[in-house]
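The sequence and structure come first.

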Amino acid sequence: MAMDARSFRCAINYSVLTYAILARIPSLALHEDNKSQAISVLSRIYDPDRLEDEIDQLAAASEEERQRKNAVSYLDVFKSKEMRLAILAGAGLQAFQQFIGINTVMYYSPTIVQMAGFRSNQLALLLSLIVAAMNAMGTIVGIYLIDYVGRRKLALSSLSGVLVSLVILSGSFYMGSSSSGSGVYGWLAVLGLALYIAFFSPGMGPVPWAVNSEIYPQAYRGICGGMSATVNWISNLIVAQSFLSIATSIGTGPTFLILAGVTVLAFVFVVAFVPETKGLTFEEVEQLLKERARGSSQERGLLQNQDDGDDDDEP
């Protein structure tokens, strides 16, 4: 019933290839002074009447980004307290998006479907495509919910549902491996899979990207966004490359239980470090981070003063 490692890694390679293709966007082409390539791509999207305006706007944005990159270095990100808090929130969300196992669940969905009793590989793959479609539709729903509910609340509710679904997945694999009635537990695994996608895709799917587009000041937006995206893909690589080895060593059920534990950590992280940016302008978000930075500094100062007072009271 274990998933073929070769098929699993083919899925990983496909994801990396897709990312490499998507990375060749028009703004990158303009950044590399390849205007003809940018025009070729945009001409497939916009009407001729609008094409010239889009090229001019993209060129202006690309030039502005170049100037910002020349003015801001990677080390500058870590020099101020508010920027450290911002990159911690942004990059942390991107890392937890992967470490709670979304791509593991997506890659492993054919095996979960087969566990439910669908022995045909073709049918299992078809049902896994349905799961992928659910993920896409859930993300669209999340785009509408994110401004209505708020980024932070949506992430927390998403993580709560993901935690429940991972516990269901873990229990179904554990009980299915030790019971002759694997069909019932197989359907329970399919339920856990469906719940996972239903809770993840509207929340922890779009929220990390939305927060990363809002939480950084304009001068740092490009460089911090790139750093956070890199964290996302490195985290994806770590999870994808380690999942099969861990599942083979300790079992699939315990592996999903580990992911549930990481989900608890992600919930605590969002509560502690991710501010609500719903309805705020970039300037207001920047001011919020500065207030958080001053608040933590003042708290440390009060604690230090309290310690000094205790020392003075001693004979």
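## Helix α8 and the glycine after it

The model is a predicted one, in which local features need pLDDT of at least 70 and side-chain atom pairs count only at pLDDT 80 or more, while totals for chains, interfaces and linings use all residues. Residues are numbered from 1 along each chain as its sequence is written, and side-chain values use heavy atoms, with hydrogens and water left out.

Helix α8 covers residues 121–149, which is 29 residues, and its first and last C-alpha atoms are 40 Å apart, close to the 42 Å expected at 1.5 Å a residue. The expected span is 1.5 Å times one less than the number of residues in the helix. At Ile143, α8 bends by about 30 degrees; the bend at a residue is the angle between axes fitted to the seven residues ending there and the seven starting there. The buried residues in α8 include Ala124, Ser128, Val131, Asn135, Gly138, Gly142 and Ile146. Buried means under 20% relative accessible area, exposed means over 50%, and partly exposed lies in between (1.4 Å probe, protein chains only). An α-helix has 3.6 residues a turn, so residues three or four places apart point the same way.

## The chain overall

The secondary structure comes to 14 helices and zero strands. Helices (H or I, at least four residues) and strands (E, at least two) are DSSP runs, numbered from the N terminus. The chain has 315 residues, of which 39% count as buried. Among contacts between residues at least 6 apart in sequence, 80% join residues at least 24 apart; contact means heavy atoms within 4.5 Å.

## Helix α6 between two partners

Helix α6 (residues 81–99) packs against helix α13 (residues 252–273) at an angle of about 160 degrees, with the axes 10 Å apart. That makes α6 roughly antiparallel to α13. The contact involves Leu88, Ala89, Gly92, Leu93, Phe96 and Phe99 of α6, together with Leu259, Val262, Leu265, Ala266, Phe269, Val270 and Phe273 of α13. Axes are lines fitted to C-alpha atoms, for helices over the stretch in contact, and angles run from 0 to 180 degrees between N-to-C directions. Angles under 35 degrees count as roughly parallel, over 145 as roughly antiparallel, 65 to 115 as roughly perpendicular and the rest as oblique.

α6 also packs against α12, at an angle of about 30 degrees with the axes 8 Å apart. α6 and α12 are therefore roughly parallel to each other. Residues of α6 that meet α12 include Met83, Ile87, Gly90, Ala91 and Ala95, and among their α12 counterparts are Tyr220, Cys224, Met227, Val231 and Val239.

α12 has 33 residues and reaches 46 Å from its first C-alpha to its last, close to the 48 Å expected at 1.5 Å a residue. A kink of about 35 degrees in α12 is centred on Phe243. Just after α12, Gly251 takes a positive phi of about 105 degrees. Ile234 lies in α12, which spans residues 218–250, and counts as partly exposed because its relative accessibility is 48%. Ile234 and Ala95 are 139 residues apart in sequence, and their C-alpha atoms are 8.3 Å apart in space.

The 22 residues of α13 should span 32 Å at 1.5 Å a residue, and the end C-alpha atoms are 31 Å apart, which agrees. The buried residues of α13 include Thr252, Gly253, Thr255, Phe256, Leu259 and Ala260. The axes of α12 and α13 come within 7 Å and cross at roughly 125 degrees. α12 and α13 are therefore oblique to each other. Phe243, Ile246, Ala247 and Ile250 of α12 make the contact with Thr252, Pro254, Thr255, Phe256 and Ile258 of α13.

Ser170 is found in helix α9 (residues 151–177) and counts as buried at 7% relative accessibility. Not counting residues up to four places away in sequence, Ser170 touches Gly253, Pro254, Phe256 and Leu257. Ser170 and Gly192 are 22 residues apart in sequence and 8.9 Å apart in space, C-alpha to C-alpha.

Thr111, in helix α7 (residues 102–115), counts as buried at 3% relative accessibility. Thr111 and Gly186 are 75 residues apart in sequence, with their C-alpha atoms 10.0 Å apart in space.
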